[in-house]
Amino acid sequence: MRHGECKTVGSKLVAVTVSVDDDGTAQSCHISGDFFIESVSDAESHALLHDLERALISDDSLRSVLDAHPSCQIIGTDEIAIKTAYSRAVSSNLPPLALHLRLLLLSKRNVHLSDFAILNNHLFD
């Protein structure tokens with residue numbers, strides 16, 4: 001089992017736990033967190049989560065899943081944060097340097113000098 005998280009800026013935390021086979025291929029996943037799903041029924045909320053989980057495993061568009069559930073609305077997170085949490089979970093077995101580089105790329109933020117200090121520490125450990 002691998003675990004990844006992403007906090008949506010100004011909102012909630014989303015987490016994805018991924019089960020992988022011996023080759024590291026994702027077999028199933030579970031989305032959780034402190035976000036909300038507003039819908040007409042619990043069954044529709046569960047169906048949305050199930051379809052999002054299947055889309056992550058099959059690398060399908062999360063936006064198309066959300067569009068296919070017009071009676072549901074996710075509050076406190078979005079498809080980008082869900083995909084980021086999934087990516088972090090899948091790559092969580094990477095060595096610290098590779099994981100840090102991947103997280104920097106996923107965050108799409110400016111790289112600061114402190115990032116280079118962290119990378120430098122990993123390079124010369």
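Mentor: Helices and strands here are DSSP runs, a helix having at least four residues and a strand at least two. This is a predicted model.

Trainee: How many helices and strands are there in the chain?

Mentor: The chain has five helices and five strands. Their order along the sequence is β-β-β-β-α-α-β-α-α-α.

Trainee: What share of the residues is buried?

Mentor: Of the 125 residues in the chain, 32% are buried. The chain exposes about 7,700 Å², and carbon and sulfur atoms account for 56% of that area. As for contacts, take those between residues at least 6 apart in sequence: 45% of them join residues at least 24 apart.

Trainee: Now the sheet. What is the order of the strands in the open sheet?

Mentor: The order is β1-β2-β3, three strands with antiparallel pairing. The edges are β1 (2-7) and β3 (26-33); each has a single partner strand, so one side of each lacks a neighbour in the sheet. On average, neighbouring strands are turned by 20° against each other, direction ignored.

Trainee: How many bridges join β1 to β2, and how many join β2 to β3?

Mentor: Six bridges join β1 to β2. Seven join β2 (residues 13-20) to β3. In the second pair, S19 is partnered with S28 of β3, and V16 with I31.

Trainee: Which residues take a positive phi in the hairpins?

Mentor: The general point is that most residues other than glycine have a negative phi. The hairpin of β1 and β2 has five residues between the strands, and G10 there takes a positive phi near 75°. The hairpin of β2 and β3 also has five residues between its strands, with G24 at a positive phi near 85°. D59 is a residue other than glycine with a positive phi, near 60°. D59 belongs to the loop between α1 and α2. With a relative accessible area of 57%, D59 is above the 50% cut-off and therefore counts as exposed.

Trainee: How should I read the side chains along β1?

Mentor: In a regular strand the side chains alternate between the two faces of the sheet. In β1, R2, G4 and C6 point to one face and are buried.

Trainee: Which residues have the most contacts inside the largest nonpolar core?

Mentor: In soluble globular proteins, nonpolar side chains tend to be buried together. The largest nonpolar core of this model has 23 residues, and V14, V16, I31, L52, L56 and I82 have the most contacts inside it. At least two residues of this core come from each of β2, β3, α1, α2 (62-67) and α3.

Trainee: What does L52 touch, leaving out residues up to four places away in sequence?

Mentor: With those left out, L52 touches I31, L62, V65, L66, I74 and I82.

Trainee: And H69: is this residue buried or exposed?

Mentor: The cut-off for buried is under 20% relative accessible area. H69 has 13%, so H69 is buried. Its place is in the loop between α2 and β5 (73-75). Not counting residues up to four places away in sequence, H69 touches E44, A47, L48 and D51.

Trainee: How many disulfides does the structure hold?

Mentor: A disulfide is a covalent bond between the sulfur atoms of two cysteines. The structure holds zero disulfides. To count as one, a pair of cysteine sulfur atoms must be within 2.5 Å. Burial is a separate reading: C6 is buried, with a relative accessible area of 11%, and C29 is buried with a relative accessible area of 11%.

Technical notes. Residues are numbered from 1 along each chain as its sequence is written. This is a predicted model: local features need pLDDT of at least 70, side-chain atom pairs count only at pLDDT 80 or more; totals for chains, interfaces and linings use all residues. Side-chain values use heavy atoms; hydrogens and water are left out. Buried means under 20% relative accessible area, exposed over 50%, partly exposed in between (1.4 Å probe, protein chains only). Contact means heavy atoms within 4.5 Å. Accessible areas come from the Shrake-Rupley method with a 1.4 Å probe; for residues, only the protein chains shown count as cover. Two strands pair if DSSP finds at least two bridges between them. Axes are lines fitted to C-alpha atoms, for helices over the stretch in contact, and angles run from 0 to 180 degrees between N-to-C directions. A nonpolar core is a set of buried Ala, Val, Leu, Ile, Met, Phe, Trp, Tyr and Cys residues joined through side-chain atoms within 4.5 Å.
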